[in-house]
Amino acid sequence: MEPSLKRKSPENEDFLHLNGFSLDDLNEDLLERVLSWLPTSSFFRLTSVCKRWKSAAASVSFKLACSHIPSRDPWFLMVSPSLNQSIVFDTAENSWKKLNHLRLPLEDSNINCMPVAASGGLVCYRKLSGNFVVCNPVTGSCSELPPLHFPSENQPLNAVVMSTTFRDQISYKIVLVFGELPNLLFKVYDSSSCCWEDETALRREVDDNSIDCDSTDDDDDNVVYFLSKAGTVVASSMQRSPSKQYSSVITTKDGEEMVYFLSSSGTVVACNLTSKCFFEYPRLLPVFSEYSIDIVECGGEMLVVLLSEFLESTSLRVWKYDDTNRCWQQIAAMAAAMSQEWYGKKADINCVGAGHQILICLNSPELCTYVLCDLVTNTWTELPKCCLNGEVMEFMSAFSFEPRIEACV
């Protein structure tokens, strides 16, 4: 005769024991540590779960627990032509989000200000007045930096980069590179001292170990031509996108801080802030070629993304400079079947790196697409369309940041 009840196995007993476990059984410290591992997009829903979770989400110790999470999947702050949108792409959930907490301290509207750099959980904006605002896009906390005074109003601004560090609390630096080649200077804002340091001159590197370049001579009149959003060919001194006119990256190489930016003639300029010198890399393409170029930082290295046309074909490739052999090496390339769609479209690219990924915004009068390139697997994925109030949104560029609620300014 078979038993009427199935005997419980030890595995079933363990399952029943775990199934009966509740987060309410955790003390406050453990609860906050568990909640800190949730995706950032979940944090604002914690307050509606229960009173205890609402209290935990607002506590200082919870933000401290969040700061111990080593990294978070990046968000991309998208920049629209009107410069007044607060749309991000969440790579963790592969979805678009509208930030409702971002309120910049501006006289009129966000159109008076545009993002120019990002690092960690912070984004740096530049106002029309030339002053800078640093904010956490997730929480909306903002701080306007002290007024900036250039040594001369005629000094053009070439690069704006931002770096963050975390010890007891998050601190950040903003580096500006300005001047006409070969007379470059840089200026640094350090949040720990809350002031701008004096500008420092950069000398051109001319020793035997410097990289040979072909465009630093004072009488060099070469001009690289780019394709504008309207599809016309314009001189390289004209910027492709207002939000990326200071397109630049910062890395730490062999203990030295390096800032890279694109010169008006289309070369990559490397500024060594530690040694206070600069040099130019060799060109990837001849000076009179038509192409669109941008630089990104991935895994602590400077990379170049290049969109070009040759022999009735279009290629989108990622390049890295080999210091040993002093030449550019291709490390990734979009499949020809995918890049050929852009042949003859007079497209422009604006790119941003995040970890081992690069987000590429491709814009032309006919098409507007956003592609995420994974450098590890060499896979290129087109992002879904972003619809707001039934209308498809178009963006010119993006800035990458880690969504961290504990990042404060």
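Q: How many of the seven residues of strand E16 (residues 256-262) are buried?
A: First, the ground rules: this is a predicted model, where local features need pLDDT of at least 70, side-chain atom pairs count only at pLDDT 80 or more, and totals for chains, interfaces and linings use all residues. Residues are numbered from 1 along each chain as its sequence is written, and side-chain values use heavy atoms, with hydrogens and water left out. Buried means under 20% relative accessible area, exposed over 50%, and partly exposed in between, with a 1.4 Å probe and protein chains only, while helices (H or I, at least four residues) and strands (E, at least two) are DSSP runs numbered from the N terminus. E16 is largely enclosed by the rest of the structure because, out of its seven residues, the buried count is five.

Q: Which residue in E16 stands opposite threonine 252?
A: Strands pair if DSSP finds at least two bridges between them. E15 (residues 248-253) and E16 run antiparallel and are joined by six bridges. Across from threonine 252 you'll find glutamate 257.

Q: Which residue takes a positive phi in the hairpin of E15 and E16?
A: That hairpin has two residues between the strands. The positive phi is near 55°, and the residue that takes it is aspartate 254.

Q: What phi does glycine 266 take in the hairpin of E16 and E17?
A: E17 (residues 268-272) runs antiparallel to E16, with five bridges joining them, and leucine 262 stands opposite valine 268 in E17. This hairpin has five residues between the strands. Glycine 266 takes a positive phi near 95°.

Q: How many aromatic pairs are there, by the rule used here?
A: Rings of Phe, Tyr and Trp (its six-membered ring) pair if their centres lie within 6.5 Å; planes under 30 degrees apart count as stacked, over 60 as edge-to-face and the rest as tilted. Run that rule over the model and the count is 13.

Q: Is the pair of tryptophan 96 and phenylalanine 395 stacked or edge-to-face?
A: The pair links distant parts of the chain, 299 residues apart: tryptophan 96 is in strand E3 (residues 95-98), and phenylalanine 395 is in the loop between strand E28 (391-392) and strand E29 (397-401). Tryptophan 96 is buried at 19% relative accessible area, and phenylalanine 395 is buried at 1%. The ring centres are 5.7 Å apart and the planes are at 25°, so the pair is stacked.

Q: What is the angle between the ring planes of tyrosine 260 and tyrosine 281?
A: Tyrosine 260 sits in strand E16, and tyrosine 281 in the loop between strand E18 (277-280) and strand E19 (291-298), 21 residues apart. Tyrosine 260 is buried, with a relative accessible area of 3%, and tyrosine 281 is buried at 3% too. The pair is tilted, with 6.3 Å centre to centre and a plane angle of 35°.

Q: How many disulfides does the rule give?
A: A disulfide is a pair of cysteine sulfur atoms within 2.5 Å. Cysteine 195, partly exposed at 34%, has its closest cysteine sulfur in cysteine 194 at 7.6 Å, too far for a bond. Cysteine 373, buried at 1%, has its closest one in cysteine 298 at 8.1 Å, also too far for a bond. The disulfide count is zero.

Q: Which residues does serine 80 contact, leaving aside its neighbours within four places in sequence?
A: Serine 80 is in the loop between strand E1 (75-79) and strand E2 (87-90), and at 3% relative accessibility it counts as buried. Contact means heavy atoms within 4.5 Å. With those neighbours set aside, serine 80 is in contact with Gln85, Glu394, Phe395 and Met396.

Q: Is threonine 369 buried or exposed?
A: Threonine 369 is in strand E25 (residues 368-374). Not counting residues up to four places away in sequence, threonine 369 touches Trp342, Ile360, Cys361, Leu362 and Glu382. Its relative accessibility is 7%, so threonine 369 counts as buried.
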